[in-house]
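Visitor: I have a few questions about how the labels on this model were reached. Can you take me through them?

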Amino acid sequence: MPTASWNGAVIAEASGDAVRIVEDIVYFPPEAVNPAYLQRSEHVSVCPWKGAANYYHLAVDGKVNENAAWCYPAPFDAASAIAGHIAFWRGVEVRA
């Protein structure tokens, strides 16, 4: 079962058929991510084939990992399979 963990907390957990893997990055469906750990960030990036990504800070036990999660809420057609899904980096341990 794919998981994403940081600072001793499981941030996301989903069945293998619920996640999407794009460019070796695991994207979790939104219902698989614990919203208590997410804080909306103002950071945005743009991928030429996926579109604009919105970011989240992770907050666990008083520690904050800035811009450690991102999501494509309205991706281009080529990336429609990951619409609304959330991915992680910056020290977040993701196990597929």
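Guide: Start with L38, which sits opposite L58 in β6. Keep in mind that this is a predicted model.

Visitor: What makes β5 and β6 a pair of strands?

Guide: Pairing takes at least two bridges. Strand β5 (residues 38–47) and strand β6 (residues 51–60) have seven, in the antiparallel sense. So they count as paired. A hairpin of three residues links β5 to β6.

Visitor: How many disulfides are there?

Guide: A search of the whole structure finds zero. For C47, the nearest cysteine sulfur is that of C71, 14 Å away.

Visitor: Why is C47 called buried?

Guide: Buried means under 20% relative accessible area. C47 has 12%, so C47 counts as buried.

Visitor: And why does C71 count as buried?

Guide: The value for C71 is 7% relative accessibility, therefore C71 is buried too.

Visitor: Which residues touch the most other members of the largest nonpolar core?

Guide: They are I11, F28, V33, L58 and F88, out of 21 residues. Elements giving two or more residues to this core are β1 (3–6), β2 (9–13), β6, β7 (63–71) and β8 (86–88). Another core, of ten residues, lies apart from it; Y27, C47, A53 and I82 are among them.

Visitor: What is F28 in contact with, beyond its neighbours within four places in sequence?

Guide: The list includes P2, A12, V19, V33, I86, F88 and V94.

Definitions and conventions. Residues numbered from 1 in each chain as written. Predicted model: local features only at pLDDT ≥ 70, side-chain atom pairs only at ≥ 80, totals over all residues. Heavy atoms only, no water. Helix = DSSP H or I, 4+ residues; strand = E, 2+ residues; numbered from the N terminus. Disulfide = S-S within 2.5 Å. Buried < 20%, exposed > 50% of the residue type's maximum accessible area, 1.4 Å probe, protein only. Core = buried A, V, L, I, M, F, W, Y, C linked by side-chain atoms within 4.5 Å. Contact = heavy atoms within 4.5 Å.
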